[in-house]
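Me: I am new to this structure and would like to understand the words used to describe it. Please set each value beside its definition, so that I can follow how the conclusion is reached.

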Amino acid sequence: MNHDKYLTVGAITKYLKYKFDSDNNLKQVFLKGEISNFKAHTSGHFYFSMKDETSKINAIMFSSSASKINFKPADGMKVLVAGRISVYEATGGYQVYVSDMVEDGVGNLYVAFEKLKKQLASEGLFDEAHKQAIPAIPERIGIITAATGAAIRDILSTIKRRFPIAETILFPSLVQGEYAAEDIVQNIKRAAEYDLDVLIIGRGGGSIEDMWPFNEEKVARAIYDCSIPTISAVGHEVDFTISDFVADLRAPTPTGAAELAVPNIDDLEIQIHHLSIRLQENMLQKINYKRLHLDNLKHSFVLKNPMIIYENKKQMLDMMVEKMIHLMQRQVEQKRNHLDHLRKHYILQNPHELYKPAKIRFTSLIDQLELINPLGVLKRGYTVNYHEDHLVRSIHDVKKNDVIRTVFHDGEVEAKIIKIKEQKNGKEKKV
């Protein structure tokens, strides 16, 4: 078998790289697309992908070029780049080496993210007033994430290391893809049926597309409505999602979420030990104080001479009785003096003087009433006439043959009208 016709992987990769590098069309290319999987390395280099509706290409921008741009690239941004296409020999993949980059608007996902963020913020879903405190020592912790992967391993290992007595309940969930958001919402509702002290919701890092379920409105509202204190742990420290803003607490990573959810049991043991020592010291101090107080009571003058207490109280009682008797005597004396004063009063000595002014006024009123009493007028010879119980004031009030009743001061008579004479201008006129 002739092996000379077989090439090594390295050889074919070098050949392809040579072809890319020698192609004038690939030495200077201008591309437009949306940034995805962006990562700024500590070296200053930018690693990311550029994509459109149909394709994706890896890209790198070295620090010498990256330091010259005047904006901070992020997932979802649309950009225009200039560079060259070549092959990265270590992986055999081709990529664009970017020498210049400018913004070309913001990607659709980024626009949707900012729009929803603004809407939910205006509704108050991010307000601190609605956020619940994470329990200091939780007994049962719920976790909503993928059943496999680094995120759940990091969370469980951290909780086991820091606080192994806590119980954990995993609610396996889709964390990316078309159906992930609905699955996360259903698991949040399921978690509410358990007696949980805290709920961790999250996943590991990824592109903005991978983490997009945690930017869905339905997920945000489910977290807001959840009665369990929640910790959002999505992506890496630089990644932010809508879930981070609406949750009660945001953790930079899944590991960070576990550290925020539980205390360190070693720290608790040290704290309990210190508290135990302080408790013992305080108890001993209180016992010593009480013992000293008891000793003082044992040797007190009063306890050694208990009759002194009785004698003092007896003397005080005698003084109070004497004071009470003195007060009573003084009250009786004052009342007696007042009574003597009343007995000697002018009115009591001359009681008729008390009603004399009233008698004079009464006599005066009787005289006034007699003056206006109609009976007094009748006694002087005047009479009052009535016809059919109506007072006769004029000759026109009666007519011939009418019967009238004449009232005197000592009785009345009835008379029949025989003749009527009218006085007019001093002359009589027969009517």
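Me: Which residues line the second largest pocket?

Reply: This is a predicted model, in which local features need pLDDT of at least 70 and side-chain atom pairs count only at pLDDT 80 or more, while totals for chains, interfaces and linings use all residues. Residues are numbered from 1 along each chain as its sequence is written, and side-chain values use heavy atoms, with hydrogens and water left out. The lining of the second largest pocket consists of Lys 32, Gly 33, Glu 34, Lys 51, Asp 52, Glu 53, Lys 78, Asp 104 and Asn 108. They count as lining because each has an atom within 4 Å of a pocket point (on a 1 Å grid over the protein atoms alone, where a 1.4 Å probe fits, a pocket is an open set with protein on both sides within 12 Å along at least five of seven lines).

Me: How many residues of each class are in that lining?

Reply: The lining of the second largest pocket has no nonpolar, two polar and seven charged residues. Asp, Glu, Lys and Arg are the charged class, Ala, Val, Leu, Ile, Met, Phe, Trp, Tyr, Cys and Pro the nonpolar one, and the others, Gly among them, are polar. Strand E1 gives the largest share of this lining, three residues, a strand being a DSSP run of E with at least two residues and a helix a run of H or I with at least four, numbered from the N terminus.

Me: Why is Ser 65 called buried?

Reply: Ser 65 has a relative accessible area of 16%, and therefore it is buried, since that word means under 20%, whereas exposed means over 50% and partly exposed lies in between (1.4 Å probe, protein chains only). Ser 65 sits in helix H3 (residues 63-66), and, with neighbours within four places in sequence left aside, it is in contact (heavy atoms within 4.5 Å) with Val 98 and Ser 99.

Me: What makes Glu 89 and Asn 37 partly exposed?

Reply: Glu 89 has 36% relative accessibility, so it falls in the partly exposed range, and Asn 37, with a relative accessible area of 31%, is therefore partly exposed as well. Glu 89 belongs to the loop between strand E4 (77-88) and strand E5 (93-106), and it touches Thr 13, Lys 14 and Lys 17, not counting residues up to four places away in sequence. Asn 37 lies in strand E1, and its phi is near 55 degrees, which is a positive value in a residue other than glycine.

Me: Why is Glu 388, like Thr 148, called exposed?

Reply: Glu 388 reaches 61% relative accessibility and so counts as exposed, and Thr 148 is exposed because its relative accessible area is 66%. Glu 388 is in the loop between strand E11 (384-387) and strand E12 (390-391), and its phi is positive too, about 55 degrees, although it is not a glycine. Thr 148 is placed in the loop between strand E6 (140-145) and helix H5.

Me: How do you know that helix H6 is roughly parallel to helix H7?

Reply: Helix H6 (residues 180-191) and helix H7 (residues 217-225) pack at an angle of about 10 degrees, with their axes 9 Å apart. The helices are therefore roughly parallel, as that term covers angles under 35 degrees, with over 145 roughly antiparallel, 65 to 115 roughly perpendicular and the rest oblique. On the side of H6 the contact is made by Ala 181, Glu 182, Ile 184, Val 185 and Ile 188, and on the side of H7 by Lys 218, Val 219, Ala 222 and Ile 223. This contact has seven nonpolar, no polar and two charged residues.

Note on methods:
Axes fitted to C-alpha atoms, helices over the stretch in contact; angles between N-to-C directions.
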